[in-house]
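Subject: Structure for you to look at

Hello,

Here is the structure I promised to pass on. Please open it and keep it beside you while you read my notes below.

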Amino acid sequence: MTASTKIFIPRDTASISMGGDEVAKKIEKIAQKQKKEVTIIRNGTWGMSWLEPLIEIEVKNHRIAYGPVSEEDVIDLFNADFLNGGTHPLKLGNTDQIDYLKNQQRWTFRKCGLIDPISFDDYTTNRGFNGLKIALKKGSNHILKELKKSGLRGRGGAGFPTAIKWQTVANAEGDQKYIACNADEGDSGTFSDRILMESDPMALIEGMAIAGFTVGANKGYIYLRSEYPNAHSILTSAIKTAKKHHWLGKNIQASGFDFEIDIHIGGGSYVCGEETAMLESLEGKAGMIRYKPPLPALEGLFGKPTVVNNVVTLASIPDIIDQGGAAYSAYGINRSKGTLAFQLSGNVKRGGLVEVAFGITLRELIEKWGDGTASGKPIYAVQVGGPLGAYFPDSLLDIPLDYEAFAAKDGMVGHGGVVVFDDTADMATQARFAMEFCSIESCGKCTPCRIGSIRGVEVIDKIISNKNRTQNIDLLNDLCETMIDGSLCAMGGMTPFPVKSALHYFPEDFKPENK
Amino acid sequence: MRHKYNEKIALEIIHKVGAKPKMLVQILQAFVVKFSYISESAIRLIAKEINLSRAEVHGTVSFYHDFRTTEAGEKIIKICQAEACQAMGSRQLTAHAEEALGIKLHETSENNAYTLEPIYCLGNCACSPAIMIDEKVYGKVDTKKFNQIVGLK
């Protein structure tokens with residue numbers, strides 16, 4: 001009797017969006033017909049999105065990859081004896097030897113792709129819950145010490161040192177404290193939170209439990225955007241599994257520590273990714289920005305001390321506790337320690353998730369991993385850090401990816417999204433879109449953002465149509481300064497960055513003769 | 001499954017999600033999943049059940065893009081309008097969809113078959129342009145693939 005062959009087919013959104021479910025069904029059907037014993041495992045994704053659906057066959061303890069596989073390819077793969085690693089044009093070799101993956105420094109995403117996201121055994125045999133185990137044994141001060149050593153900064157975009165935030169909440173007086181996980185990944189070109197939640201959700205759960213234990217909170221919320229229904233269903237299963245095995249809920253591992261997690265779904269509002277707007281939304285209200293201070297660490301959710309962290313930040317912590325803070329800070333440069341999961345997308349040949357140490361340049365990322373543009377045309381502009389990030393021309397692609405180095409060029413690393421445009425892009429249109437997006441998504445609380453963005457669209461239209469061009473360019477720059485200096489949050493305060501960079505680096509695109 | 005609005009189901013939803021002001025966004029989200037929109041009578045009912053004023057409920061409804069106030073078509077087609085998809089031709093795809101379906105973004109077709117909506121990022125940026133129909137995401141959608149998915153010629 002031959003053993004059943006293991007076939008891995010990712011269940012993340014990218015794979016499903018390219019036909020992953022249909023491929024799985026087809027394989028099952030043909031296997032049945034040909035009387036081949038197969039076990040289909042719906043794993044998470046390795047993040048090589050351009051190869052999705054990327055399926056893997058386990059042969060003699062090695063995983064052999066094929067991709068991108070369409071429904072029509074399946075019969076061909078059977079004919080090529082792919083169940084034994086047979087040769088086929090879609091064969092990519094051993095998964096762990098694919099250069100895209102092999103050259104990464106995976107920390108937070110080390111289990112993504114490897115495991116079935118909702119399998120407790122898969123998680124624990126890969127050092128899952130070791131971090132929480134150590135935390136429960138060694139106590140709050142030990143965690144804060146290791147976190148400080150790690151140099152971890154908030155991966156949601158703002159880059160605030162996580163240890164300081166946690167220390168503030170730990171020191172805060174309060175009968176009730178909260179952990180609020182920001183899973184409202186609304187920036188265009190970012191999908192690392194989604195991949196983490198769909199591929200290794202228990203790492204997030206573990207990170208949140210460690211946070212709760214450290215600061216003295218017994219309740220956590222995941223604020224998940226409504227655009228991520230697949231992540232919702234995987235997270236829900238993972239929470240159930242963690243509870244069943246007593247790593248979540250009452251009296252975790254008989255330690256006396258209780259921690260519960262609820263998922264709240266957003267209402268499709270970009271500004272709710274801003275932490276105070278998110279807290280308002282979690283309280284059931286419209287997502288209007290709050291004034292700061294008071295800081296959420298002192299008066300956050302329902303007025304109580306609250307840790308607000310992004311998904312990737314929280315999911316990085318179990319391994320920092322398990323491996324020690326120094327192991328994490330060994331990666332990276334200057335004040336940007338550790339790794340960042342960059343997300344390559346837009347007009348790029350090989351889009352996906354690339355977790356590497358800080359310090360790599362944009363050019364390395366786009367050339368070595370991205371393999372240039374999808375269209376084959378020259379790179380024209382690259383937007384880093386989401387819709388509030390600057391557009392960089394080719395001449396700026398050699399600065400190292402580092403929070404401070406980017407800020408010095410009026411850019412931001414943000415959440416690590418890298419969107420590539422070829423030379424068919426029109427940067428005046430992109431600048432106009434930045435203002436338009438701000439007018440659609442502004443919460444309306446402060447005038448520079450609410451009104452400024454609408455005036456911004458009008459002024460750009462005038463510039464493009466050559467009405468009082470010089471004066472209107474001055475006016476646009478002036479408006480941008482007002483928005484930067486006068487807005488309450490990053491929505492209005494950073495919308496000018498893509499606008500100003502487009503105007504500064506691509507002035508030709510704003511001339512009517514070039515339209 | 002989508003259901004025509006009725007008060008009995010609406011009440012069940014409110015009490016299942018939790019009849020408290022802090023659950024308002026969650027209640028509204030559950031309403032759009034079930035009924036596709038929040039009607040005027042739904043606002044009254046929610047306000048009464050969770051002890052908020054109608055103005056407060058209305059304010060929250062009107063703030064969020066998801067909380068549609070008119071009934072949607074049978075298929076809700078959302079086309080990503082954000083930068084990564086723009087870089088791969090989502091503007092052209094949107095124009096094609098508008099022409100093929102005979103409706104603009106934010107509109108519902110006369111036969112009530114389709115509602116076309118903009119969306120700002122589905123997190124499928126490495127397989128752009130992306131669209132979402134009901135809860136399913138499709139990647140690398142060109143005009144041909146769009147027609148195929150939507151069932152147009």
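Let's start with chain B. Of its 153 residues, 42% count as buried. Keep in mind that this is a predicted model.

**Chain B**

What is chain B built from? Its secondary structure comes to 7 helices and 4 strands. Along its principal axes, the C-alpha trace of chain B spans about 50 × 30 × 25 Å.

Domain 1 covers 7-63, and domain 2 covers 75-150. The C-alpha centres of these two domains of chain B lie 28 Å apart.

Now look at contacts within chain B. Take those with a separation of 6 or more. Residues 24 or more positions apart account for 58% of them.

**Where the two chains meet**

How many residues does each chain give to the contact? Chain B gives 36 residues, and chain A gives 46 residues. On the chain B side, the elements that give two or more residues are α2 (24-35), α4 (54-63), α5 (83-86) and β4 (136-138). Of these, α2(B) gives the most, with 5 residues. Sorted by class, the side of chain B that touches chain A has 22 nonpolar, 9 polar and 5 charged residues.

**The domains of chain A**

Chain A is divided into four stretches. They are domain 1 (5-102), domain 2 (120-329), domain 3 (332-422) and domain 4 (427-514). The C-alpha centres of domain 1 and domain 2 of chain A lie 33 Å apart. The contact between these two takes 7 residues from domain 1 of chain A and 6 residues from domain 2 of chain A. On the domain 1 side, those residues divide into 1 nonpolar, 4 polar and 2 charged.

**A sheet in chain A**

Next, find the open sheet of 5 strands in chain A. The order is β2-β1-β3-β4-β5, and the pairing is mixed. Why do β2 (38-41) and β5 of chain A each have one side without a neighbour in the sheet? They stand at the edges, each with a single partner strand, so nothing in the sheet sits beside that side. The twist averages 25° from one strand to the next.

A helix packs on this sheet too. Helix α2 (residues 20-33) of chain A touches β1 (5-8), β2 and β3 of chain A. The direction of this helix makes about 170° with that of β2(A).

Strands of a sheet pair through backbone hydrogen bonds, either parallel or antiparallel.

Now zoom in on strand β4 (residues 62-66) of chain A. Is it mostly covered or mostly open? It is mostly covered, with 4 of its 5 residues buried. Here are its pairings:

- Strand β3 (residues 55-59) of chain A runs antiparallel to β4(A), and 5 bridges join them.
- E56(A) has A65(A) in β4(A) as its bridge partner.
- I57(A) has I64(A) in β4(A) as its bridge partner.
- Strand β5 (residues 91-94) of chain A pairs with β4(A) in the antiparallel sense, over 3 bridges.
- Y66(A) stands opposite K91(A) in β5(A).

β3(A) and β4(A) also form a hairpin, with 2 residues between them. Check K60(A) in the turn. It has a positive phi of about 45°.

**The cores**

Which residues have the most contacts inside the largest nonpolar core? They are A180(A), C181(A), L196(A), L204(A), I205(A), A209(A) and V382(A), in a core of 190 residues. Helix α10 (residues 201-215) of chain A gives the largest share of this core, 10 residues. Another core lies apart from it. That one has 17 residues, among them I27(B), L28(B), V32(B) and V61(B).

Pick out L204(A) and look around it. Leave aside residues up to four places away in sequence. L204(A) then touches C181(A), L196(A), M197(A), V311(A), L314(A) and A315(A).

Two of those, L196(A) and M197(A), are buried residues of α9(A).

Best wishes

Note on methods
Residues numbered from 1 in each chain as written. Chains lettered and ligands numbered in written order. Predicted model: local features only at pLDDT ≥ 70, side-chain atom pairs only at ≥ 80, totals over all residues. Nonpolar A, V, L, I, M, F, W, Y, C, P; charged D, E, K, R; others polar. Core = buried A, V, L, I, M, F, W, Y, C linked by C-beta atoms within 7 Å. Buried ≥ 20, exposed ≤ 12 C-beta atoms within 10 Å, placed from the backbone. Domains from an automatic or database assignment. Pairing = 2+ DSSP bridges. Axes fitted to C-alpha atoms, helices over the stretch in contact; angles between N-to-C directions.
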